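Colleague: I am new to this structure. Please take one part of it and walk me through it closely.

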Amino acid sequence: MIEQGTVAAIEQDCLWVATVRRSTCSGCRSEAGCGQSMLARVSGHNPLLRVLLNGHTTDQFTVGDQVDIGVPESLVATGSLVSYLLPLVFLLVFAGIAHHLFASDGITALMALTGLVAGGILLRRFAWLSRDNPRLQPVLITAHSALPLRNPVC
């Protein structure tokens, strides 16, 4: 998947790119009821993606530059699957254990909620630990700025 975005911020080791997800929003029948597009409308800004520089220097970019970034489709599919299923699996496991041990609806519901939160925390921790893994990050494909890329990544 290739998305076009605008450089919103520049850090020492990465770019923060605001993306407009036209490719997925325009092709989906539930565009009007989509949570992603609804959040973008409510918050007033597009989501930011952290794009590693991969050997490029920050002086090649300025805020407002247009860049094309690529995300492998397998990464999107796997990431979506893990993001949705991990908290759900934790919810079910915690609820099952609580139901087996206590046989109380209140405790089971509380433990299910605890499992959901624990799965979310574990997912957030994994995302934090893998933030510098180039295999799990968007790839800079082209930059539409006045300064050409010295070592373009393809």
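**A close look at one strand and its setting**

Modeller: At 42% relative accessibility, Val93 counts as partly exposed, because the value falls between the 20% and 50% cut-offs. That is one residue of a predicted model. Val93 lies in helix α3. Helix α3 covers residues 73–102 and gives the most to a nonpolar patch, with nine residues. The patch lies on the surface, and Val93 is one of its members. Others include Leu81, Leu92 and Phe102. Together the patch residues have about 910 Å² of accessible area.

Now turn to strand β2. Strand β2 spans residues 14–19, and five of its six residues are buried, so the strand is largely enclosed by the rest of the structure.

Start with β1. Strand β1 covers residues 2–10 and pairs with β2 in the antiparallel sense, over five bridges. A hairpin of three residues joins β1 to β2. Find Ile10, and its bridge partner in β2 is Leu15.

Next comes β3. Strand β3 covers residues 48–52 and runs antiparallel to β2, with five bridges joining them. Here Trp16 has Arg50 in β3 as its bridge partner.

Step back to the whole chain. There are four helices and five strands. Along the sequence they follow the pattern β-β-α-α-β-β-α-α-β. Of the 154 residues, 23% count as buried. The accessible surface comes to about 10,100 Å², and 66% of that belongs to carbon and sulfur atoms. Among contacts between residues at least 6 apart in sequence, 73% join residues at least 24 apart.

Note on methods:
Residues numbered from 1 in each chain as written. Predicted model: local features only at pLDDT ≥ 70, side-chain atom pairs only at ≥ 80, totals over all residues. Heavy atoms only, no water. Helix = DSSP H or I, 4+ residues; strand = E, 2+ residues; numbered from the N terminus. Buried < 20%, exposed > 50% of the residue type's maximum accessible area, 1.4 Å probe, protein only. Contact = heavy atoms within 4.5 Å. Areas by Shrake-Rupley, 256 points an atom, 1.4 Å probe, with all protein chains shown as cover. Patch = residues over 30% accessible without salt bridge, like charges linked within 9 Å, V, L, I, M, F, W, Y side chains within 5 Å. Salt bridge = Lys/Arg side-chain N within 4 Å of Asp/Glu carboxyl O. Pairing = 2+ DSSP bridges.
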